[in-house]
Amino acid sequence: MRKLFLVAILLLVSAGFVFAEQGMGMGQSKHMKMEHKMSLIKQVLMMADYLVLSNEQLEKLTDLDIDSQINMIKDKAAIEVANLELKKLLRNYSADKTAIDTAIDKLYDLKKTKKKNLINTHFEVISILTEVQINKLKMLRMKMSRMSETMKTMGTEMKMGMEMMHQQQHPTMQQEEKTE
């Protein structure tokens with residue numbers, strides 16, 4: 001009875017990790033949201049004229065971009081397979097804890113490899129650029145970051161302004177909400 005209880009708790013806790021990794025439940029994980037941002041390679045390629053990239057640099061960056069996309073697809077697929085394998089193990093009520101631990105270790109090793117590949121690609125991009133290009137890129141990214149923050153602030157202020165306008169136009173609705 002006690003063993004069954006421990007297995008049930010382990011299943012619940014592990015299932016929570018699986019759902020969190022898949023972005024289910026309360027929302028997507030932070031890592032999933034970050035993957036939607038543009039990669040450094042794409043940013044550099046988009047700013048090729050501004051950075052005055054040579055044909056050789058363009059060729060290296062384009063090849064690196066394709067290779068990194070291939071690796072990303074392979075990494076994501078391997079992680080998805082590992083998630084499914086763990087899920088399959090967790091469905092078994094007489095699951096072997098050692099097998100589950102091994103599957104979890106495999107899953108997180110794959111995630112670690114994916115992150116390292118992303119970071120290695122980042123350093124490869126930097127190694128292709130000259131110091132002048134790196135400085136131009138830093139300056140432009142800082143400007144874009146400030147612009148993005150300004151846009152977010154403006155969006156928040158506009159939303160607040162729209163809410164205030166709505167409240168002024170419909171004061172009876174506001175009073176009804178307070179009385180409920």
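1. At 37% relative accessibility, E85 counts as partly exposed in this predicted model, and its salt-bridge partner is K106, with the closest N and O atoms 3.0 Å apart. Because E85 belongs to helix α5 and K106 to helix α6, the pair ties together parts that are 21 residues apart in sequence. K106 is likewise partly exposed, its relative accessible area being 40%.

2. The structure holds five salt bridges, and another of them joins the side chains of D65 and K42 at 2.8 Å, N to O. Here D65 lies in helix α5 and K42 in helix α3, so this contact ties together parts that are 23 residues apart in sequence. As to burial, D65 has a relative accessible area of 8% and is buried, whereas K42, at 33% relative accessibility, counts as partly exposed.

3. A salt bridge within one helix is formed by D101 and K97, whose closest N and O atoms are 2.9 Å apart; being four residues apart in helix α6, D101 and K97 are separated by about one helical turn. D101 is partly exposed, with a relative accessible area of 31%, and K97 also counts as partly exposed, at 46% relative accessibility.

4. Turning to the nonpolar residues, the largest core has 15 members, of which V44, L51, L53, L61, V125, L129 and L137 touch the most other members. Helices α3 (40-46), α4 (48-51), α5, α6 (97-128) and α7 (131-169) each supply at least two residues of this core. Apart from this core lies another, of eight residues, among them A82, L86, A95 and A103. In soluble globular proteins, nonpolar side chains tend to be buried together.

5. The surroundings of L53 deserve a separate entry: leaving aside residues up to four places away in sequence, L53 touches V44, A48, L58, L61, L129 and Q133.

6. On ring interactions, a search of the whole structure finds zero aromatic pairs, but the charged end of K136 sits over the ring of Y50, 5.3 Å from its centre.

Terms used:
Residues numbered from 1 in each chain as written. Predicted model: local features only at pLDDT ≥ 70, side-chain atom pairs only at ≥ 80, totals over all residues. Heavy atoms only, no water. Phe/Tyr/Trp six-rings, centres within 6.5 Å; stacked < 30°, edge-to-face > 60°. Lys NZ or Arg CZ within 6 Å of the ring centre and 35° of its normal. Core = buried A, V, L, I, M, F, W, Y, C linked by side-chain atoms within 4.5 Å. Buried < 20%, exposed > 50% of the residue type's maximum accessible area, 1.4 Å probe, protein only. Contact = heavy atoms within 4.5 Å. Salt bridge = Lys/Arg side-chain N within 4 Å of Asp/Glu carboxyl O.
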